Amino acid sequence: MGILNYLLTKHRMLVLAGMCTLVLVGCNKALTQEDVEDKIQEARKATQDAKEKTKEAIEAREQFYDDYRESRVAELEDRSKEIDKRINDLEKTASKSENESAVSDIESAIDELQAEKEEINEKMTEVKATTREDWSTAYEEINEAIARIDEEINRLSDSLSEEN
């Protein structure tokens, strides 16, 4: 065992000495000003490329956000138009009903819905003019208001159906 340990120790020293020799020979090359200028030029080019890619990514993100915003506003507008149609249908159904007290209650509820719908239309105008940062809150408010009106119309429609 003693001889084996001795040989392994000797070989380790030879390998280590060979690596040191390679490092010393590789580091012997003189660094010139031209080498430094080339590296600086490469770094400047890489920095410029990174800036351009970053700018393109930001522009793409902003375009995506604008497109997303437009599609969401269009969705709200479509839902708002559907609410108008449903309110008109509810008015027609109420006008045909023979139950006078129910019709009076429903007409009063329709007036309230139309007033709330006008508020939604005003908020829609505001949403179109808001900044990117403020837009999502305004969208959520309008979305919730439309959902409330939709539920109320469903309740009123069900109420009319039950009375007829």
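## Salt bridges in a predicted model

Lys-117 is buried, with a relative accessible area of 4% (buried means under 20%, exposed over 50%, and partly exposed in between, using a 1.4 Å probe and protein chains only). This is a predicted model, where local features need pLDDT of at least 70, side-chain atom pairs count only at pLDDT 80 or more, and totals for chains, interfaces and linings use all residues. Residues are numbered from 1 along each chain as its sequence is written, and side-chain values use heavy atoms, leaving out hydrogens and water.

Let's look at some salt bridges (a side-chain nitrogen of Lys or Arg within 4 Å of a carboxyl oxygen of Asp or Glu). Searching the whole structure turns up seven of them.

**Links between helices**

- Lys-117 pairs with Asp-84 in a salt bridge, at 3.3 Å from N to O.
- This pair links distant parts of the chain, 33 residues apart: Asp-84 sits in helix H2 (residues 33-96) and Lys-117 in helix H3 (residues 100-129). Helices here are DSSP runs of H or I with at least four residues, numbered from the N terminus.
- Asp-84 is partly exposed, at 33% relative accessible area.
- Arg-86 and Asp-150 form another salt bridge, at 2.2 Å from N to O.
- Because Arg-86 lies in helix H2 and Asp-150 in helix H4 (residues 132-163), this pair ties together parts 64 residues apart in sequence.
- Asp-150 is partly exposed, with 28% relative accessibility.

**A link within one helix**

- Arg-155 and Glu-152 meet through their side chains in a salt bridge of 2.4 Å, N to O.
- These two are three residues apart in helix H4, so about one helical turn separates Arg-155 from Glu-152.
- Arg-155 is partly exposed at 48% relative accessibility, and Glu-152 is partly exposed at 24%.
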